Amino acid sequence: MKKLMLTMLIALPLLFVNCSDDDDTTETSTTYTLGEFEDSGISGTAKFVKIDSVTTRIEVQLENTPEGGDHPMHIHLNDAATGGGIAITLENINGNTGSSTTTVTKLDNNGDIIGEDINYEGLIDFDGYINVHLSPEDLATIVAQGNIGKNAP
């Protein structure tokens, strides 16, 4: 009887070592293509990742960015062919890594848009596009661009 009790005392904790209620390891995400603009040679992707019901992480990865470059990015209203105002300011692309990560919960306070909440579902249905600019000093020069949300191909 003592051996049985000892075995149970040793075995019982082992039953719980590999148990986990965290079965939801599936990531909800959508990836958009950012194509080079006017032969810039810079292109890549923007991945929208659902963090929770109100938060989205936007991970941008570009290829061929110049070493030491600093590239501002924005999500604009409408599609790229139509053009539109800035809806969301994204973190600049680091030219050394070609990457940027921005956490989004709201639209910018621009014009008719007054900091409205936006979540993952709202972003993947958004009427917009992303522009990546050459530098903070040269926002007129676009190096990569891509439609997102309802405008994506």
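Here are some questions and answers about the predicted model above.

Reader: Before we start, what are the ground rules for the numbers?
Author: Residues are numbered from 1 along each chain as its sequence is written, and side-chain values use heavy atoms, with hydrogens and water left out. Since the model is predicted, local features need pLDDT of at least 70 and side-chain atom pairs count only at pLDDT 80 or more, while totals for chains, interfaces and linings use all residues.

Reader: What pattern does the chain follow along the sequence?
Author: Helices (H or I, at least four residues) and strands (E, at least two) are DSSP runs, numbered from the N terminus. There are two helices and ten strands. Reading along the sequence, you get α-β-β-β-β-β-β-β-β-α-β-β.

Reader: What share of the residues is buried?
Author: Buried means under 20% relative accessible area, exposed over 50%, and partly exposed in between, using a 1.4 Å probe and protein chains only. The chain has 153 residues, and the buried share of them is 33%.

Reader: And how much of the accessible surface belongs to carbon and sulfur atoms?
Author: Accessible areas come from the Shrake-Rupley method with a 1.4 Å probe, and for residues only the protein chains shown count as cover. The chain's accessible surface is about 9200 Å², and the part belonging to carbon and sulfur is 52%.

Reader: Which residues does I75 touch, neighbours within four places aside?
Author: Contact means heavy atoms within 4.5 Å. I75 is among the residues with the most contacts inside the largest core. Leaving out those sequence neighbours, its partners are F48, I58, G85, I86, A87, I88, L90, L123, F126, Y129, I130 and I148.

Reader: What kind of aromatic pair do Y32 and F48 make?
Author: Rings of Phe, Tyr and Trp (its six-membered ring) pair if their centres lie within 6.5 Å; planes under 30 degrees apart count as stacked, over 60 as edge-to-face and the rest as tilted. The whole structure holds one aromatic pair. The ring centres of Y32 and F48 are 5.1 Å apart and the planes sit at 85°, so the pair is edge-to-face.

Reader: How many residues apart in sequence are the parts that this pair ties together?
Author: Both Y32 and F48 are buried. Y32 lies in strand β1 (residues 29–36) and F48 in strand β2 (residues 43–50), so the pair ties together parts whose separation in sequence is 16 residues.

Reader: Which residue meets K47 in a salt bridge?
Author: A salt bridge is a side-chain nitrogen of Lys or Arg within 4 Å of a carboxyl oxygen of Asp or Glu, and the structure holds four. K47 is partly exposed at 25% relative accessibility. At 2.9 Å, N to O, its side chain meets that of E27.

Reader: Is D117 buried or exposed?
Author: D117 and K106 meet in a salt bridge at 2.5 Å, N to O. K106 counts as partly exposed at 45% relative accessibility. D117 comes in at 60%, so it counts as exposed.

Reader: How far apart in space are T55 and T105?
Author: T55 is found in the loop between β2 and β3, and it is buried at 13% relative accessible area. Not counting residues up to four places away in sequence, T55 touches V49, K50, T103, V104 and T105. T55 and T105 are 50 residues apart in sequence, yet their C-alpha to C-alpha distance is 5.1 Å.

Key. A nonpolar core is a set of buried Ala, Val, Leu, Ile, Met, Phe, Trp, Tyr and Cys residues joined through side-chain atoms within 4.5 Å.
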